[in-house]
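Subject: Structure handover

Hello,

Here is the structure for your files. My notes on charged pairs and one surface patch follow below it.

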Amino acid sequence: VRFRERIGRESFIKFMTDGILLAETGHDPDLDAYDTLVIDEAHERSLNIDFLLGYIRQLLSRRPDLRVIITSATIDTEKFSRHFADAPVIEVSGRGYPVDVIYQPVADEDGETDPGSRNIDRGISQAVGQLSRIDPRGDILVFLSGEREIREAMKYLGRQNLRHTEVLPLYARLSGAEQRRVFHPGAARRIILSTNVAETSLTVPRIRFVIDTGFARISRYAHRSRIQRLPIEPVSQASANQRMGRCGRLGPGTCIRLYSEEDFSLRPDFTEPEILRTSLASVILRMTTMNLGAVEAFPFIDAPAPRMISDAYQLLFELGAVDGERAPTKLGYQLSRWPLDVRLARMIAE
């Protein structure tokens, strides 16, 4: 990871983030340092992963010896296979146990499913009581949309006087000491209140039950206002199934979804890729400085909308990163080397 390189001449395997690999393309365009690339968690479809997959597809024409393996728990295999010239698909069934799914929608006064904290907290408390009757000692993983919702749920559950139970938060900004508590369970039953960081990025030990609120904060860019927002939105079916699978690893589990089965069936199969809902300025600047050609012709798995591309070029022009011909300026080359959003990089340069 950044600032912590632990490789030497004797290293055979290197683990790194997608951002590190992307940065290496700047000084090693053909990735000659590697004979095999394994891109894991590809279903997350982050901006870095989508850009890497397009870059690698172009690279394979120059390096036919390079072997590429793309792995994921929940992925649209047909789309990825087509992207790499009908590459073979191998399915490996992991060790999984049956999970009972219970739909228990939380509704407001109008009968609509509501992500509001008060109703969700009540629904979580009821689900905890229901699961306690199945197994009063089984650990419970609860998926919530954000840090604030986690803290409110902790206060609500704290007033329930749950016996022999500790309630722990889990989110990305948590300190190292608090994170260690989650991964080193004690004698008491635990209720882990987590964001979608526990969906695929890490595995919480000893989970027997899952309570899924069905919501997450999804990053979205409004091109008219040029603001990157984090609205609370319903998760996709793939994300919901990934959450459900968290309780089927050690034995049979139970997942309570705080929304209806009809609601689940109407949700999209997969989460929308980040490239379709974020600013493209940083990606386009990197492409222009690496001479990768027009963004419209770049082999993205999902091509971004023309208005998003036009907005990105306009922003880069206003920041002085490209000129009127859409060619990178001296400042643009400088900004493209920094692992920052191009607007933040421009502030630092100034």
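**Salt bridges and a surface patch**

Asp 50 and Arg 45 form a salt bridge, with the closest N and O atoms 2.7 Å apart. By salt bridge I mean a side-chain nitrogen of Lys or Arg within 4 Å of a carboxyl oxygen of Asp or Glu. Asp 50 is buried, at 0% relative accessible area. Arg 45 is buried too, at 7%. The cut-offs: buried is under 20% relative accessible area, exposed is over 50%, and partly exposed lies in between (1.4 Å probe, protein chains only).

Before the rest, the ground rules. This is a predicted model, in which local features need pLDDT of at least 70, side-chain atom pairs count only at pLDDT 80 or more, and totals for chains, interfaces and linings use all residues. Residues are numbered from 1 along each chain as its sequence is written, and side-chain values use heavy atoms, leaving out hydrogens and water.

How many salt bridges does a search of the whole structure find? The total is 24. Two more of the pairs follow.

Arg 190 pairs with Asp 139, closest N and O atoms 3.0 Å apart. Helices (H or I, at least four residues) and strands (E, at least two) are DSSP runs, numbered from the N terminus. Arg 190 is buried, at 0% relative accessible area. Asp 139 is buried as well, at 1%.

Arg 226 and Glu 318 meet in a salt bridge at 2.6 Å, N to O. Arg 226 lies in the loop between strand 9 (220-222) and strand 10 (227-229), while Glu 318 lies in helix 10 (residues 306-319), so the pair ties together parts that are 92 residues apart in sequence. Arg 226 is partly exposed, at 23% relative accessibility. Glu 318 is partly exposed, at 47%.

Back to the opening pair. Shared partners join Arg 45, Asp 50, Lys 79 and Asp 302 into one salt-bridge network.

Now the surface. Leu 340, Leu 344, Met 347 and Ile 348 form a nonpolar patch with about 400 Å² of accessible area together. Patch residues have over 30% relative accessible area and no salt bridge; like charges are joined within 9 Å, nonpolar side chains (Val, Leu, Ile, Met, Phe, Trp, Tyr) within 5 Å. Areas come from the Shrake-Rupley method with a 1.4 Å probe; for residues, only the protein chains shown count as cover. Leu 344 lies in helix 12 (residues 342-349). Leu 344 is partly exposed, at 43% relative accessible area.

Best wishes
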